[in-house]
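Please go through the model below with this report at hand.

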Amino acid sequence: MGRSYAAKGKKKRKHEHGGALLAPPVANEAPEVPSAVKGKKQRKLENGEASRAPPVADEAEEFPPPEEVGEDKEDVTEGEGAAAEAEDVGEGIPIIPRPVDRRRRPGAIFVLERACLEVGKVGKGMQILNSDDHANYLRKQNRNPADYRPDIIYQALLAIFDSPLTKAGRLQAVYVRTEKGVLFEIKPNVRLPRTFKRFCGLMSQLLQKLSITAEGTREKLLNVIKNPVTKYLPVGARKIGLSYKAEKSVNLFDYVAKSNDDDPLVFVVGAMAHGKIEKEYSDDYIQICNYPLSAACCLNRICSSLEQKWNIR
């Protein structure tokens, strides 16, 4: 009697399982390791190899930590920058060739009073103090940063030396007196620096060395001189002080047009942030506008009125 199909299949499956158990292990296959144990062992092995491996130059390079920026560090950096600017003008400054004309023609003289130019030791260098870069330094010295505005005198000088009046050779001299009473002269053929930073370096060198020579020559273009300024003015010069608080109000173009060409005109203008100039040596004390004007704007009006009077185009 034949066996049933279920019994036959059961025996066959048992035989197949037994054959699988008796089969020799394959040499290339490694015994299975639980995934958790395998990961831990593999990580340990990789870490060990990484510790024994030589360091790579690119990966081992460390960047220096960022420097702490403090007030003292900032002052030193500013001092080095000012010293570099002073070295740039150490060999002299360029000059502008003036038109050659032997005819005696009238000219103008400007006196800029109370200019905010003061040298202070900030960090390792000497600098012209200003309210933007040295506010913390000035507060430590119990000073008001708003009073330190060397940009005013810089803009005023540019208004004079960049005018057609100066290019036509009608500028005779410029005198500047600081808040501390230091008086210096600027020759008409000087070419001022085009940037404020270089201008401050030039002024710092001038107040320390007392003179600045022309490039390639020994001609003194900027020179510290003794007070008072009146002993350097021509004899018979008409000294005109300008102030918003003056009682006499005039139309500047008409005022200049009526002046005598035989008498040199000296214009005294304040170059400070607040206050007014003294009228101790002024022959006339006038107001040219109903509103307060900056020094540069006031000087532009003066130059324009003189250019119109002398027909300078």
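## Burial and ground rules

Buried means under 20% relative accessible area, exposed means over 50%, and partly exposed lies in between (1.4 Å probe, protein chains only). Cys-200 is buried by this scale, at a relative accessible area of 11%.

This is a predicted model, where local features need pLDDT of at least 70, side-chain atom pairs count only at pLDDT 80 or more, and totals for chains, interfaces and linings use all residues. Residues are numbered from 1 along each chain as its sequence is written, and side-chain values use heavy atoms, with hydrogens and water left out.

## Salt bridges

Side chains of opposite charge can pair when their charged atoms come close. A salt bridge here is a side-chain nitrogen of Lys or Arg within 4 Å of a carboxyl oxygen of Asp or Glu. The count comes to nine salt bridges. One of them joins Glu-118 and Arg-143, with the closest N and O atoms 3.0 Å apart. Glu-118 sits in the loop between β1 (108-115) and β2 (119-122), and Arg-143 in the loop between α5 (135-140) and α6 (150-161), so the pair ties together parts 25 residues apart in sequence. Helices (H or I, at least four residues) and strands (E, at least two) are DSSP runs, numbered from the N terminus. Glu-118 is buried at 16% relative accessible area. Arg-143 is partly exposed at 30%.

Lys-309 pairs with Asp-261, the closest N and O atoms being 3.2 Å apart. This pair links distant parts of the chain: Lys-309 is in helix α10 (residues 295-309), and Asp-261 is in the loop between α9 (252-257) and β10 (265-270), 48 residues apart. Both residues are partly exposed: Lys-309 has a relative accessible area of 23%, and Asp-261 has 37%. Elsewhere, salt bridges with shared partners join Arg-238, Lys-248 and Asp-284 into one network. Arg-149 forms a salt bridge with Asp-151, where the closest N and O atoms are 2.9 Å apart. Arg-149 is partly exposed at 29% relative accessibility.

## Helix α8

Helix α8 (residues 196-209) has 14 residues and should span 20 Å; its end C-alpha atoms are 20 Å apart, which agrees.

Buried residues in α8 include Phe-199, Cys-200, Leu-202 and Leu-206. Just after α8, Leu-210 takes a positive phi of about 75°.

## Cysteines

A disulfide is a pair of cysteine sulfur atoms within 2.5 Å. The count comes to zero disulfides. Cys-289 is buried, with a relative accessible area of 14%.

## Aromatic pairs

Rings of Phe, Tyr and Trp (its six-membered ring) pair if their centres lie within 6.5 Å; planes under 30 degrees apart count as stacked, over 60 as edge-to-face and the rest as tilted. The structure holds four aromatic pairs. In one, the ring centres of Tyr-154 and Phe-196 are 5.9 Å apart and the planes stand at 55°, so the pair is tilted. Tyr-154 lies in helix α6 and Phe-196 in helix α8, so the pair ties together parts 42 residues apart in sequence. Tyr-154 is buried at 7% relative accessibility, whereas Phe-196 is partly exposed at 29%.

Tyr-175 and Tyr-232 have ring centres 6.1 Å apart and planes at 25°, so the pair is stacked. Ring pairs also link Tyr-154, Phe-196 and Phe-199 into a cluster.

Note on methods: The expected span of a helix is 1.5 Å times one less than its number of residues.
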